[in-house]
Amino acid sequence: MFEGLGTQHLALLWQGALVTVQICALSVLFGGVLGIIIGLMSTGTVRALRWAAALYVAVIRGVPVLLVIFFVYFGIPLLAPGTSLSEYWAAVIALSVFASAYIGELVRGSIQAVPRGQFEAAEALGLTYAQRMRRVILPQAARVVVPPGVGFLVVLIKDSSLVAVIGLIELTRAGNVVSSLTADPITTYLIVGAGYFVICYALSALARRYERRLGFRVKAPEVGETLTLTTGAKK
């Protein structure tokens, strides 16, 4: 006996959407931290670290995200007997690993897009490597990384639907459950699609707002204003 689509089914879809937002937010947080480290390693002066970062990025980007999910969910308990991993945290870990490789490449590209004169000016001021990156290079690189970063986040949100294969009830999995209960897949998946659209559209809108603010606060350096714009020190 099939059920009519009601508020209890919409509540399940709502809970699934919240889980999707949660795992993507955590994945961006953890993957972003690791991605920044990977990006800094890729642009550093230590050759071994550059090779390690390049190998990591090549491996993660060279395999499907579904394989990463399977490896984390099934592989970690096999490699570490006696441990168990819930579907929720397996999804977060897998998506974080996936995101870190792409964010690392975005960070690397944005750092390399900063004019070489900015590096030389910061070094001439006697700043340490950490100070150069924090005060001069990364603020300018942030202007470059935002547009492609938003595009990747939208892809990550849609790819998060793959975690349904390990049993996590996120938006897509919730849609499958509701569809099987109501025998109304068209309406159900229209709602699921609308949910993804709302999430991605809201993210894009927030990113555009952030980009406008960032463009105001971090202006592109002009000739003769290199040190003033990047460090606040008068030339």
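The questions and answers below go through a predicted model of one protein chain.

Q: What makes up the secondary structure of the protein chain?
A: The protein chain has nine helices and zero strands, and from the N terminus on its elements run α-α-α-α-α-α-α-α-α.

Q: Why is H9 called buried?
A: The relative accessibility of H9 is 2%, and buried means under 20%, so H9 counts as buried. This residue lies in helix α1, and, leaving aside its neighbours within four places in sequence, H9 is in contact with E3, G4, V178, L181 and T182.

Q: Why is I76 called partly exposed?
A: The value for I76 is 31% relative accessibility, while the class called partly exposed lies between the limit for buried, under 20%, and the limit for exposed, over 50%; I76 therefore counts as partly exposed. Its place is in helix α3, which covers residues 65-79.

Q: Which residues touch the most other members of the largest nonpolar core?
A: They are I23, I111, I137, F152 and V163, in a core of 43 residues. At least two residues of this core come from each of α1, α3, α4, α5 (116-124), α6 (129-159), α7 (171-182) and α8 (185-217), and α4 gives the most, with ten residues. As for I111, when its neighbours within four places in sequence are left aside, its contacts are G39, L40, T43, F119, M133, I137, L138 and A141.

Q: How do you know where the "transmembrane region" feature is placed?
A: The placement comes from the UniProt record, an unreviewed entry, which gives residues 12-41, 53-76, 88-107, 141-169 and 189-207. In the model, the span 12-41 is 100% helix and 0% strand, with its end C-alpha atoms 43 Å apart, whereas the span 141-169 is 66% helix and 0% strand, with its end C-alpha atoms 37 Å apart.

Terms used: Residues numbered from 1 in each chain as written. Predicted model: local features only at pLDDT ≥ 70, side-chain atom pairs only at ≥ 80, totals over all residues. Heavy atoms only, no water. Helix = DSSP H or I, 4+ residues; strand = E, 2+ residues; numbered from the N terminus. Buried < 20%, exposed > 50% of the residue type's maximum accessible area, 1.4 Å probe, protein only. UniProt positions renumbered as here; feature names shortened; annotations may be inferred. Core = buried A, V, L, I, M, F, W, Y, C linked by side-chain atoms within 4.5 Å. Contact = heavy atoms within 4.5 Å.
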